[in-house]
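Good morning. I have one structure to go through today, and I will keep it short. Please have a look at it before I start.

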Amino acid sequence: ASHAWTGSSESLIRLISDSVPALIAYYEVGSFRCLFANQRYAEAYGFTPQSILGKTVREAIGDAAWLVIEPYVAKARAGIGSTHTRELSLPSGEQRMIEVNVRPHLDDAGQLQGAFVLTTDITDRWRYEQALAQSEERLRKFADATNEGILFHKDRLITDINEALLRISGFTRAEVVGHSTVEFIPDNWLERMRLQFESDNELPYESALVHKDGHEIPVECVTKNLVFEGERLRLLVVRDMSAHKQAQARIEFLAMHDPLTELPNRSYLMERLDTILALAHRQERSAAVLFIDLDNFKTINDSLGHHVGDDLLREVAKRLAISVRDSDVVSRLGGDEFVVVLSDVASSEDAGTVASKLIESISGDFMVDGRQLSVSPSIGISVYPADGDNSDELIRHADAAMYHAKESGRRHFQFFLPAMFERAVNALDKERELKGALARGEFVLNYQPKRNCVGGAIVGLEVLVRWQHPTRGLVEPEDFIGFAELRGLIVAIDRWVLQNACAQLKAWHDQGCLKVPVAINLSAIEFKQGDLLADVVDVLAQTGLAPEYLELELTESVVMERNTRVMAILTGLSALGVGLTIDDFGTGYSSLAYLKRYPIDKLKIDRFFISDFTTNEDDMAITTAIIQMAHGLKLQTVAEGVETQAQHDALARLGCDQVQGFFISLPLAASDVPAYLAR
């Protein structure tokens, strides 16, 4: 017979076929009816091995499956084998993926006798391959979506790269893939990268890339080791650090320079002056210190606004810088006070000649904000070694001479004379006045509202202290706070502000006013003298104000160093529920580690960065970096000195949390606050 499916042979074949995990069937030639099926094949289509016999392929597998397999049956009729995959619906309703092999059966004469059908369940493998394909697709989409550059390389040859790294480097994919990584690394970084490639180190490291146009791009890299399809690959993650490096350099620059004029600040001045004096001592030469104060500057600043005053100070700084030699130093101490150090003078007359030149230069007209403005300087001069042998003494003596010049008619210079120490007597008088002001209650509090940047909800009030002088009128804090710190009176003033502000806020709360916290500035001296934590606890207990309605603003100088006393005070205040804010953030010279070390809640961005940040790329970069860094550390940001709609809207786009300044509201007298809160 053609088909020997009987007797012991059939029993053996049955035993073998039912023992393997595959689905096996045999169909005769012509009608393609089933002559044999193992148990798994028959049950997969809802039959038994006996009931499926005699069924055609279409009858056995159903119409839907027949439409898929019909082309492969046609091939079998022509004596051609085939393999295909398709879904199989089991009688239970479960869906499986199968691989079907159809193999023609030819006799010794080459005549077609039938066809073997061998079906393998590949569901698990198919699912794995699908998951792998989806994973690869997700990886590709992630790699293309992220702003970080990603590339794969094997033996330093680049095998793949994402769009972000192409954007960073300026190259196209064809210009990169297949090339060595060393082609895109500057020579001075090659050794570092070689060591990194040869190690299994997966820690971040700094390097650089060469842009297509030739310039270097500072980057941070992380290398990961991967095994893919049996091959060892290296994944390189590249982060463009250009903006970060620029912001870091700017912050480091500002640490030693005045942020407004970019002249050296007091710290840098003292460092340079010490060096100049040491050189003058060795060479037995003279040096001079010129202390410069602008006459009538306060009038311009108060009448035309801080932005006009700031622009004027920048212009004055430029004229000072171009009026002296490169070896000399021009510094801004603060406000309208500048210091010029002449590194080498033959005599005091030479210093006087330079002072006259500076007076002539500064006394000319300035065009600021469309206005023609005029200022004049008063200059005090001290000469090394006649007027002092150290930096502090020379600056102090030049300062005394400057006040003498100002009191003698202004717009001229004055050399230091010992009799000028009479100024010290005036300082004692001022100290006595401040003590009397405390005793007589001459200080008054104003309140500047803070609002959410988005939505405009009132979120707090900053306390501003003023001195209601009996003869001079309302004195701004700039005219007495610094002096109070020098004379040891600031702690008493801060205590008065704390007591009265908390009592006033509690009274407003009791009247039914909107409940918002009050923010109080603290001097750095508070953390060195007395017991700040105990005083805060005592004031809160006396006034009945809930701790969550008190915020304390401190300068970066407070947290510049590791100090267990400061840590204990801040930790205690935070535990009470009192909010803690770093004031004037970005202008200090400190490690950012304190943001993690201390329980800080907010960062207040200094008004200097806000005043021009809509047009100044440096200020915009720093402001953006501060906001992003703060949010990364789960800190809120407050922008002060917001004076325009453009500034407000830009801060909102950057995600700044709170704003204050003249655009929001002028400082309010206490009597005006309830009505403001009600509105």
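This is a predicted model: local features need pLDDT of at least 70, side-chain atom pairs count only at pLDDT 80 or more; totals for chains, interfaces and linings use all residues.

Let me begin with the surface. Leu12, Leu15 and Ile16 make a nonpolar patch of about 310 Å² there. Leu12 belongs to helix H1, which covers residues 7-19.

Next, helix H4, residues 63-77. Where does H4 bend? The bend is at Ile69, by about 50 degrees, and a proline, Pro71, follows within four residues. Ile69 is also one of the buried residues of H4, along with Ala65, Trp66, Val73 and Ala76. After H4 comes Gly79, with a positive phi near 80 degrees.

Now the cysteines. How many disulfides does a search of the whole structure find? The count is 0. Take Cys453: the closest cysteine sulfur is in Cys656, and at 5.2 Å it is too far for a bond, since a disulfide needs the two sulfur atoms within 2.5 Å. Cys453 is buried, at 4% relative accessible area. Cys502 is in no disulfide either, and its nearest cysteine sulfur, in Cys513, is 16 Å away. Cys502 is buried as well, with a relative accessible area of 0%.

That leaves the salt bridges, of which the structure holds 32.

Is Arg96 buried or exposed? Arg96 counts as buried, because its relative accessibility is 18% and the cut-off for buried is under 20%. Glu94 is partly exposed, at 36%. Both residues belong to a salt-bridge network that also takes in Asp121.

Arg285 and Asp344 form another salt bridge, with 2.9 Å from N to O. This pair links distant parts of the chain, 59 residues apart: Arg285 lies in the loop between helix H9 (266-283) and strand S11 (286-295), and Asp344 lies in strand S13 (residues 337-345). Arg285 is partly exposed, at 38% relative accessible area, and so is Asp344, at 29%.

The last pair is Lys506 and Asp510, with the closest N and O atoms 2.7 Å apart. Both sit in helix H16 (residues 490-510), and because they are 4 residues apart, about one helical turn separates them. Asp510 counts as exposed, at 56% relative accessibility.

That is all I have. Thank you.

Definitions and conventions
Residues are numbered from 1 along each chain as its sequence is written. Side-chain values use heavy atoms; hydrogens and water are left out. Patches are made of residues with over 30% relative accessible area and no salt bridge: like charges are joined within 9 Å, nonpolar side chains (Val, Leu, Ile, Met, Phe, Trp, Tyr) within 5 Å. Accessible areas come from the Shrake-Rupley method with a 1.4 Å probe; for residues, only the protein chains shown count as cover. A salt bridge is a side-chain nitrogen of Lys or Arg within 4 Å of a carboxyl oxygen of Asp or Glu. Helices (H or I, at least four residues) and strands (E, at least two) are DSSP runs, numbered from the N terminus. The bend at a residue is the angle between axes fitted to the seven residues ending there and the seven starting there. Buried means under 20% relative accessible area, exposed over 50%, partly exposed in between (1.4 Å probe, protein chains only).
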